[in-house]
Amino acid sequence: MTAPARRAFGYWAVRYQAVWRAGLVAGVVGPTIFLAVMGLGLGTLVDDQASSTSSLAGVSYLDFIAPGLLAATTLMTATGDATWPVMTAMKWAKTYQAQLASPLGVDAVLGGHLLFMAARLAATSAIFLAVMALFGAVNTPLALLAVPAAVLTGMAFAPAIAAFSALQDRDLGLILWYRFGATPLFLFSGAFFPLSQLPIGLEVLAWVLPLAHGVALCRGLSLGTLALVPALVHVVYLALWGVAGVAAARASFTRRLVR
Amino acid sequence: MIVLSALGSRRAGRVIERNYRFYRRQWLMFASGLLEPVFYLGTVSLGISQLVGDVEGPGGEPLSYVAFVTPALLAVSAMNGAIFDATFAFFFKLNFQKTYDAMLATPVDPADIALGEIAWAQLRSGIYGLGFMVVMVAVGAVLSPWALLAWPASILIGFAFGAVGIALTSFMRTWQDLEYVSLALQPMFLCSTTFFPLSTFPRPLQLLVECTPLYHGVALIRGLTTGVVGLETLGHAGYLLVLGVGGLAVASVRLQRLMVR
């Protein structure tokens, strides 16, 4: 991490100090409700159905869905942090412009904000894993690696979303991303059911989009069933999206900030 | 309707017209609100339904999972239709955009505004409800002719949520207070027997769920689409009606107090 980016990161971190308690409560309450309702409630119905055991490779629905939700939630966290905050800093509050008036350059401004998003992802994912453990959905120490895997998943999206948000002049685009992008991705990422149940076209589409790889990675780590080669494929694919997203974000930040 | 018009006048129509004119330029945002429950339905019908067998229906008879969840999502759709305008948008118009201050400079009075905004929320619920009814027929979740009444039922849900939403929002002071709305809606969406029957919950939680308005909306519509209609149906509708009328009364009084100083 370069020193200037650390400065820009510091800005976001200091601001977050005012609201971190609310973030902590939301970070605990959200996963708890979701795991209780979907894992235990819906899980009762799924586990009662004999044929589901083979569809889920013998694991309980709670064990199946918990790591999936861990990964899928990072998409929502990334969406929350890389949409309105970026647009606000670019257009309304002009935070980025203010930072550029200091010795910081565009790379530091962008890098600092992305770093903050990564830190938020790390915190929310660690909390999520702790809640999972309370539900008894963590069965192997390997599951600890699901936290960095979840951060990687979130960072496959965050820079690309930031690149998009930075260019918007109205927040309609952000609303549309949330409704037509994030929501269906969240639902069809393999978090809730095995992707092999989908019609082949949709299944292929799901694997092209990065979230399915994050779900598979976190699930494999949490269940301790991950083989090395698929793991590497998932990691490399997610990292590629992240790198491409950073390039896109650099381009759109430069376009908006440097005239 | 007689009760409603007694509380305001026909000038409430102007408030509705204002919203209509506003959303005419935001139609994409308006239409996109309908899609969220459709995506959830897609997940259920393509994915989860294959993991879940038949579920206990309203009359105790087994019901396919899609036929179980779809009517619940109609209720959710109606709730979503009402809630945004009744809470976030209402708060913005009341405190920041000062839309109502402008309206009060005309013959429109606070009761007209309360009535107009609630009627608008109902209208939006009705549009979302109708859209989702089409989806419901398409996935084969309509099992009884009573299902025709699911549309007016979705408008009733819109009325209850619109009225209560505006009544509660009138007490809120900051945007942070509005976080309570999201905080209440998310668990309600997941727990109002939307995805699994009431019997799955432990008894104390069952009692809690039975108090929430969305539960009654879901139970009302699920009863209609599956043809299990009886005294409970009236009970669910009555609960929503009482809630709505109570919300409307509170909203009218509050708006009078907030705006006419």
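Q: Is K94(A) buried, exposed or partly exposed, and how many other C-beta atoms lie within 10 Å?
A: In this predicted model, K94(A) is partly exposed, with 14 other C-beta atoms within 10 Å.

Q: Where in chain A is the place of K94(A)?
A: K94(A) sits in the loop between α5 (84–92) and α6 (95–100) of chain A.

Q: And what is the phi of K94(A)?
A: The phi of K94(A) is positive, about 55°, although this residue is not a glycine.

Q: Turning to chain B, what is phi near in T193(B)?
A: T193(B) has a phi near 50°, which is a positive value in a residue other than glycine.

Q: Which loop is T193(B) found in?
A: The loop that holds T193(B) runs between α8 (175–191) and α9 (203–211) of chain B.

Q: Is T193(B) buried or exposed?
A: T193(B) is buried, because 26 other C-beta atoms lie within 10 Å; the cut-off for a buried residue is 20 or more.

Q: Let us step back. How many helices and strands are there in chain A?
A: Chain A has 12 helices and zero strands. From the N terminus on, its elements run α-α-α-α-α-α-α-α-α-α-α-α.

Q: How many are there in chain B?
A: Chain B has 11 helices and two strands. The order of its elements from the N terminus on is α-α-α-β-β-α-α-α-α-α-α-α-α.

Q: What about the radius of gyration of chain A?
A: Chain A has a radius of gyration of 19 Å, which agrees with the value near 18 Å that a compact globule of 259 residues would have.

Q: How much of each chain counts as buried?
A: In chain A, 47% of the 259 residues count as buried. In chain B, 48% of the 261 residues do.

Q: What share of the contacts with a separation of 6 or more comes from residues 24 or more positions apart?
A: Such pairs account for 82% of these contacts in chain A and for 83% in chain B.

Q: Now the interface. How many residues of chain A are in contact with chain B?
A: 23 residues of chain A are in contact with 22 residues of chain B. The elements that give two or more residues to the chain A side are α2 (20–48), α3 (52–55) and α9.

Q: Which of these gives the largest share?
A: The largest share, eight residues, comes from α9(A). By class, the side of chain A that touches chain B has 15 nonpolar, seven polar and one charged residues.

Q: What about the largest nonpolar core: how many residues has it?
A: This core has 159 residues, and those with the most contacts inside it are L70(A), A75(B) and I118(B). Helix α4 of chain B (residues 65–95) gives the most to this core, with 18 residues.

Q: What is I118(B) in contact with, leaving aside its neighbours within four places in sequence?
A: I118(B) is in contact with F159(B), G162(B), A163(B), I166(B), L248(B) and A251(B).

Q: What does P159(A) touch, not counting residues up to four places away in sequence?
A: P159(A) touches L114(A), G242(A), G245(A), V246(A), A248(A) and A249(A).

Notes: Residues are numbered from 1 along each chain as its sequence is written. Chains are lettered from A and ligands numbered from 1 in the order in which they are written. This is a predicted model: local features need pLDDT of at least 70, side-chain atom pairs count only at pLDDT 80 or more; totals for chains, interfaces and linings use all residues. Two residues are in contact if their C-beta atoms, placed from the backbone, lie within 7 Å. Helices (H or I, at least four residues) and strands (E, at least two) are DSSP runs, numbered from the N terminus. Ala, Val, Leu, Ile, Met, Phe, Trp, Tyr, Cys and Pro count as nonpolar, Asp, Glu, Lys and Arg as charged, and the others, Gly among them, as polar. A nonpolar core is a set of buried Ala, Val, Leu, Ile, Met, Phe, Trp, Tyr and Cys residues joined through C-beta atoms within 7 Å. A residue is buried if 20 or more other C-beta atoms lie within 10 Å of its own, exposed if 12 or fewer, and partly exposed in between; C-beta atoms are placed from the backbone. The radius of gyration is taken over C-alpha atoms; the globule rule is 2.2 Å times the number of residues to the power 0.38.
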